[in-house]
Amino acid sequence: MCESMRIVCALCRVGLYALCRRLCCKGPSPVRPNFSILCIGLENAGKSSILSCLSGDDLHKIEPTIGFSIKAILFDDCILEVKELGGGDKVRPYWDRYYQVFQGIIFVIAGDDSDEKLHVARDELLKAVRHHQLKGLPLLILVSHQDREGARTAEELSTFLQLVSEIENRQCLIKGCSIHHKEELSQIFAQFNEILQKNLDHDIELRKNSPQHGGNRL
């Protein structure tokens with residue numbers, strides 16, 4: 001089954017579930033918010049594998065992303081619509097052309113990369129998060145390939161690349177992961193999703209209380 005059909009089928013299941021609740025007099029199902037997420041990182045960092053692991057796709061049929069791809073990942077409390085950009089040398093200079101209205105950023109760094117490539121990854125990360133269209137967005141840094149020998153942990157990588165001082169004023173999670181431990185990966189995304197949900201709730205509350213919506217009128 002192609003990726004587009006997988007997404008359609010998944011969304012259809014959500015719609016049928018809501019319909020059944022109404023027919024059984026259980027009322028409408030809770031609406032799951034959709035969050036638009038940007039996923040970037042160097043080539044072979046494991047971006048596609050991580051997203052495929054979460055969505056239940058066959059990990060043996062993953063191909064390198066050329067240009068960009070979009071994947072809908074369904075969780076119990078929300079849906080992440082993830083736009084993944086290719087990380088090759090010829091693609092990265094054009095990343096900013098794909099920047100749009102996102103609610104969060106995922107940056108994947110291979111924990112077993114060479115020092116040289118890790119510094120390239122750091123430069124690309126800082127360039128992205130400083131872009132005016134991405135400033136202030138929640139950031140999830142995934143240090144992949146934790147199952148490989150010699151891979152740096154999230155703490156080691158953060159210290160090596162001196163990331164804390166660069167992102168201290170931003171909502172940020174730095175987590176090590178492996179596609180062979182899906183449960184841990186799901187827990188990481190549960191934390192990230194919670195940040196997204198809190199930001200959404202905050203924005204809704206601000207709109208309710210804004211003068212345009214007549215909030216707090218006497």
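Visitor: What makes the model one to be read with limits?

Guide: The model is predicted, and local features need pLDDT of at least 70, side-chain atom pairs count only at pLDDT 80 or more, and totals for chains, interfaces and linings use all residues. Residues are numbered from 1 along each chain as its sequence is written, and side-chain values use heavy atoms, with hydrogens and water left out.

Visitor: How many helices and strands are there in the protein, and what counts as one?

Guide: The protein has six helices and six strands. Both are DSSP runs numbered from the N terminus: helices are H or I runs of at least four residues, and strands are E runs of at least two. From the N terminus on, the order of the elements is α-β-α-β-β-β-α-β-α-α-β-α.

Visitor: Which residues does serine 48 touch, and what is meant by contact?

Guide: Contact means heavy atoms within 4.5 Å. Not counting residues up to four places away in sequence, serine 48 touches Ile62, Glu63, Thr65 and Glu84. Threonine 65, in turn, is in contact with Ser48, Glu84, Leu85 and Gly86, leaving aside its neighbours within four places in sequence. Threonine 65 lies in the loop between α2 and β2 (68-74); its relative accessible area is 17%, and therefore it is buried.

Visitor: What does UniProt list for Ser48 and Thr65?

Guide: An unreviewed UniProt entry lists Ser48 and Thr65 under "binding site". UniProt positions are given in the numbering used here, feature names are shortened, and annotations may be inferred rather than shown by experiment.

Visitor: How do you know that Ser48 and Thr65 cluster in space?

Guide: They are spread over 18 residues of sequence, yet the largest C-alpha distance is 7.3 Å.

Visitor: Which residues does the other "binding site" annotation cover?

Guide: In the unreviewed UniProt entry, the annotation covers Gly41, Leu42, Glu43, Asn44, Ala45, Gly46, Lys47, Ser48 and Gly87. These residues are spread over 47 residues of sequence but cluster in space, with a largest C-alpha distance of 11.5 Å.

Visitor: Are asparagine 44 and glycine 46 buried or exposed?

Guide: Asparagine 44 has a relative accessible area of 60%, so it is exposed. Glycine 46 is buried because its relative accessible area is 17%. Asparagine 44 lies in the loop between β1 and α2, and glycine 46 is also placed in the loop between β1 and α2. Glycine 46 touches Val108 and His145, not counting residues up to four places away in sequence.

Visitor: What is the phi of asparagine 44?

Guide: Phi of asparagine 44 is near 70 degrees, a positive value in a residue other than glycine. Histidine 145, not a glycine either, has a positive phi of about 60 degrees. Histidine 145 is in the loop between β5 and α4 and, at a relative accessible area of 12%, is therefore buried.

Visitor: What makes a set of residues a nonpolar core?

Guide: A nonpolar core is a set of buried Ala, Val, Leu, Ile, Met, Phe, Trp, Tyr and Cys residues joined through side-chain atoms within 4.5 Å. The largest one here has 26 residues, and Ile40, Tyr99, Phe107, Ile109, Leu134 and Leu139 have the most contacts inside it. At least two residues of this core come from each of β1 (34-41), β4 (104-110), α3 (115-129), β5 (139-144) and α4 (154-160). The most, six residues, come from α3. A second, separate core of 25 residues includes Cys53, Ile73, Leu80 and Leu185.

Visitor: Why are α2 and α6 called roughly perpendicular?

Guide: Axes are lines fitted to C-alpha atoms, for helices over the stretch in contact, and angles run from 0 to 180 degrees between N-to-C directions. Angles under 35 degrees count as roughly parallel, over 145 as roughly antiparallel, 65 to 115 as roughly perpendicular and the rest as oblique. Helix α2 and helix α6 (residues 182-208) pack at about 95 degrees, with their axes 10 Å apart; the two are therefore roughly perpendicular to each other. Ile50, Cys53 and Leu54 of α2 meet Lys182, Leu185, Ser186 and Phe189 of α6 in this contact.

Definitions and conventions: Buried means under 20% relative accessible area, exposed over 50%, partly exposed in between (1.4 Å probe, protein chains only).
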